[in-house]
Amino acid sequence: MKKHLQLFSILFLILIFSTAFQAFGQNIQISGKVIDASNGQTLPGVSVLVANTTTGTTTDLNGNYSIEVKVGAQLVFSFVGYKTQTIVVGQQKTIDVALEPTAIGLNQVVVVGYGVQRKKDITGATQTLTKKSFNPGIVISPAEMMQGRVSGVQVTMNSGEPGAGATVRVRGNSSIRANQDPLYVVDGVPLNNTNATPGAVGVAGINASASKDLLNFLNPDDIASITVLKDASATAIYGSRGANGVIIITTKKGKKGKGKLSYSAYAGISKLPKELDLLTSTEFMNASNKYNFGLIDKGANTNWQDEIFRTGFTQSHNLSFSGGTDKSSYYTSLGYLNQEGIVDRTGIEKLTARFNVTQKLFDDRLHISTNLAVARTDDARVPIGETGGYEGDVLISALRQNPTFPVYDTDGSYLQYSPTYRNPVAMINLTNDNTYTDHILGNIDASYLIIKGLTFKMNLGVDYTNATRKVSENEELTYLVNAGQASISNIELSNVLMEDYLTYEKQLNKDNHLTVLLGYSYQRFDNKGYNLSVNGFHVVGIDYVDNLGYGDKDNASVSSFRSQNELQSFYARLNYAYKDKYLLTATWRADGSTKFGENNKYGYFPSVGLAWRLIGEDFIKNLNVFDNLKLRLGWGQTGNQNIPNKISQLSIGTSSDANYFFDGNNLSTGTTFLRTPNPNIKWETTTQTNIGLDFGFFDGRLSGSFDYFYKTTKDVLLKLTSLAPAPTPFMWLNVPDMRIKNSGVEVNMTGIIITKKKVSWSVTLNFATLHNEVQSLPVDLIETGVASGAGLSGTRVQVIKSGYPIGTFWGPRFLGYDDKGNSIYKQDANGNIIKEDLGSALAKFTIGLNNALTIGKLDISFFINGVFGNKVYNNTANALFSMASLSKGNNITNTVLNSGESATDTPKFSSKYIEDGSFVRLSYATIGYRFSFRETSWIRSLRLYITGSNLLLITKYSGYDPEVNTNAQYDGVPSLGMDYTGYPRARTIQFGVNAQF
């Protein structure tokens with residue numbers, strides 16, 4: 001009996017399995033309808049594809065489809081602007097699908113200040129980038145990820161050095177003295193914009209001021225979205241820090257489903273796109289003989305640019321694991337980047353880790369979210385961007401070096417001709433300059449549903465940075481006055497946040513919806529650091545920075561600093577919607593800062609935004625033209641608290657003017673007033689008006705927005721000369737009548753040109769104009785833009801002046817050469833050289849164009865961006881490339897040699913060195929291929945790609961690259977468009993892989 005039961009069981013299992021296999025191999029006709037999950041409208045043109053095959057169809061004009069497939073197959077429904085959905089075919093013959101809109105959909109939520117909103121409900125000017133719209137390539141910071149992608153936001157990389165800082169301006173420059181960087185908010189934590197790059201105090205020829213990007217600690221692979229808040233109705237909720245725009249960065253979170261392991265990696269090579277056309281050794285000596293300069297000929301033929309530039313190699317690896325349930329989610333990642341710069345011995349090495357987790361408790365009434373990011377970066381640098389003198393820069397030394405000089409002398413040591421004529425290869429190899437930065441950013445927020453519609457949220461955050469820079473210069477460098485020298489500098493920044501706010505949301509009735517936000521915020525900033533510098537090292541075989549005691553203690557210097565600031569805020573926001581057509585957003589914020597005078601500790605910042613969803617009106621619907629049409633109007637006031645510390649307070653200290661010889665022999669140090677107190681110092685206030693229109697046509701195939709903005713900054717903070725008699729020569733004060741005005745137009749458009757079963761093509765365009773003007777400056781002009789180089793000491797090339805934009809170059813107009821080869825400049829009737837407007841460093845308009853094409857499993861994309869109407873001061877050419885410079889033994893370009901210039905002509909600053917900085921750049925191009933795998937495969941997806949960066953540059957600029965911004969500020973007033981020994985941008989090719997398991 002038992003054997004019969006076993007035989008029966010075996011036969012039964014065989015029958016079951018054979019039936020199952022027969023069912024899975026059976027063809028079945030499936031039909032259905034595809035709709036938009038947000039509004040129920042049918043979707044024509046949706047791709048319906050059998051997974052891992054080329055079999056498929058598309059929905060008709062009514063959203064219907066029909067397809068024959070096997071039972072057990074997977075149907076993949078995809079459509080531009082919607083989330084792809086996969087459904088396993090069973091025995092059903094009808095499968096209806098509701099596709100969820102993606103980020104470009106009107107019902108998709110968008111991150112705004114202290115919450116989220118549906119895109120269609122937003123009244124302000126905002127723009128959100130997600131993974132598909134980020135810049136590809138070797139990017140280290142979010143600034144690089146969004147460069148050229150957001151209209152009205154100009155991102156200028158200060159140099160091509162790995163990890164270099166960026167100048168980011170949202171709708172122009174709104175201040176003179178205050179910091180103009182936007183406020184960055186990462187996962188709800190507003191960051192401290194303080195420069196965290198230590199200087200190299202007391203070390204000759206080392207760049208002490210070029211800062212690295214403050215967001216380098218973030219792993220681009222961890223970022224889910226970047227939202228830019230541009231107008232006052234969007235930024236006023238951040239009050240005193242919203243005048244320069246707000247950039248909200250949201251990192252990835254886990255999603256419901258089983259754990260997903262993702263791995264991405266790339267390897268790349270980078271090279272200098274072009275070299276400057278310097279004289280070869282033969283051309284150099286021919287010129288010397290022709291003009292009887294008697295230059296030294298050491299017989300070599302050295303291309304000094306080749307000696308300092310190299311092919312840089314980059315590798316990056318990112319590993320993440322994420323998943324979740326109905327109650328919780330998790331996302332954890334590890335990242336490693338090692339990027340070599342194209343200048344020898346420069347680069348960045350970065351290790352990052354992240355852990356994000358969410359949890360729902362107490363019947364989903366309590367939501368807890370934790371975000372933690374840690375990073376360690378090692379920046380390797382060489383002396384570029386000198387601050388220790390004309391000769392103390394690797395790039396300058398390479399460009400001016402005699403091409404007949406060899407790198408090495410006959411005894412094998414570096415040929416170092418003189419202390420003022422330095423060997424750039426020796427400078428690179430005998431200098432160690434490393435900055436080690438540790439960064440921790442973490443926050444925990446908890447929201448509790450008190451009653452239906454009323455939620456309390458608390459957010460606690462910590463942002464901590466510790467950066468140490470260690471620099472040593474070997475005693476073999478013959479230009480060092482006191483043998484070897486070393487410097488250790490440290491900056492430690494901490495930022496503690498506590499926020500509490502209540503949100504009440506209520507659907508009052510069928511037509512009225514209300515959301516109210518009330519909150520309190522407290523933030524404390526603590527900045528401190530120290531500097532150690534020692535020279536006189538004569539010991540060999542040791543690292544000076546680890547053995548400072550071996551130096552000359554009599555030539556040691558020690559200093560330290562610390563500053564603390566606090567910000568206390570109260571804020572409120574009201575969102576009201578009537579019939580889902582008429583929208584109102586009103587905000588108010590009060591900020592109190594310790595940076596301001598006793599009489600003006602608090603600033604108050606209101607805003608209001610109105611929107612009319614015209615698409616909801618019957619007279620628009622009946623036109624059958626628009627899919628979306630919304631008119632927006634916004635007004636608001638924001639502030640800027642990024643000003644120098646303690647300028648409202650009295651400062652007393654030592655000064656050479658206060659010293660005195662009381663006995664006729666011994667000098668006694670005196671104490672004097674250094675700063676006059678001003679308890680009335682208050683916030684700079686920017687008032688902005690924005691008019692916008694959002695539109696969509698042709699079933700969503702053409703969509704976009706148009707915005708016009710006008711903003712004015714008043715109570716501008718200036719440092720002005722005191723009226724005599726006065727205890728100090730200068731005084732800080734707000735100028736009530738002065739204005740800085742910015743206005744412009746922004747256009748964003750997305751066109752879906754082709755959407756077929758196997759082919760899709762979309763184009764995205766952004767365009768922006770900017771007009772900037774300073775009005776009612778209380779003095780004739782304020783100078784900035786300090787020129788560098790021999791013969792240019794004390795020259796300032798840029799001014800702030802009424803009736804002109806910020807960044808205006810001001811100087812003589814070069815008219816050419818006379819018959820003796822001497823420069824001719826524009827003069828007045830009395831024969832005096834005239835100084836006049838030579839153009840502005842601010843671009844008149846910018847453009848970005850992205851193309852994305854998919855053919856089956858192949859994807860192709862490229863991005864072009866352009867900047868037009870701006871000027872660049874070629875300080876490098878002014879300082880180096882002249883016949884006078886050649887006569888002194890320095891190399892020059894062929895252009896100068898054939899210009900007709902005389903060796904007796906003085907190369908003073910003039911319009912001759914102000915060049916057109918306009919350019920069009922093929923920034924990125926990518927070709928990728930996706931491989932398909934069975935559902936049961938251990939690998940879910942795989943994509944291989946190749947990306948080229950900075951592939952083509954069209955410009956009239958004669959330097960390495962017009963996109964540059966060397967720090968040449970004067971007395972705290974920033975400069976723009978200055979190019980002096982700027983680290984060139986590289987051209988890069990990278991090969992990468994993205995895989996999910």
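This is a predicted model: local features need pLDDT of at least 70, side-chain atom pairs count only at pLDDT 80 or more; totals for chains, interfaces and linings use all residues.
**Stop 1: the largest core.** Select Leu718, Met738, Tyr873, Phe881 and Leu886. Of the 73 residues in the largest nonpolar core, these touch the most other members.

Zoom in on Phe881. Leaving aside residues up to four places away in sequence, Phe881 touches Leu276, Leu278, Leu399, Thr876, Asn891, Ile892, Thr893, Val896 and Tyr913.

**Stop 2: helix H4.** Select residues 281-290. Which residues of H4 are buried? Ser281, Phe284, Met285, Ala287 and Ser288 are. Look down the axis: these residues lie on the same side of H4, because they cover an arc of only 155° around it. Turn to the other side, where Thr282, Asn289 and Lys290 are exposed.

Next, show helix H10 (883-887) and helix H11 (894-897). The buried residues of H4 pack against both of these helices. Then step past the end of H4 to Asn292, which follows the helix and has a positive phi, near 55°.

**Stop 3: strand S54.** Select residues 987-996, then strand S17, residues 257-271. S17 and S54 run antiparallel, joined by 10 bridges. Find Gly268: it stands opposite Gln990 in S54.

Now bring in strand S52, residues 941-955. S52 also pairs with S54 in the antiparallel sense, over 9 bridges. Here Ser949 has Thr988 in S54 as its bridge partner.

Methods: Residues are numbered from 1 along each chain as its sequence is written. Side-chain values use heavy atoms; hydrogens and water are left out. A nonpolar core is a set of buried Ala, Val, Leu, Ile, Met, Phe, Trp, Tyr and Cys residues joined through side-chain atoms within 4.5 Å. Buried means under 20% relative accessible area, exposed over 50%, partly exposed in between (1.4 Å probe, protein chains only). Contact means heavy atoms within 4.5 Å. Two strands pair if DSSP finds at least two bridges between them. Helices (H or I, at least four residues) and strands (E, at least two) are DSSP runs, numbered from the N terminus. The arc is that of the directions from the helix axis to the C-beta atoms.
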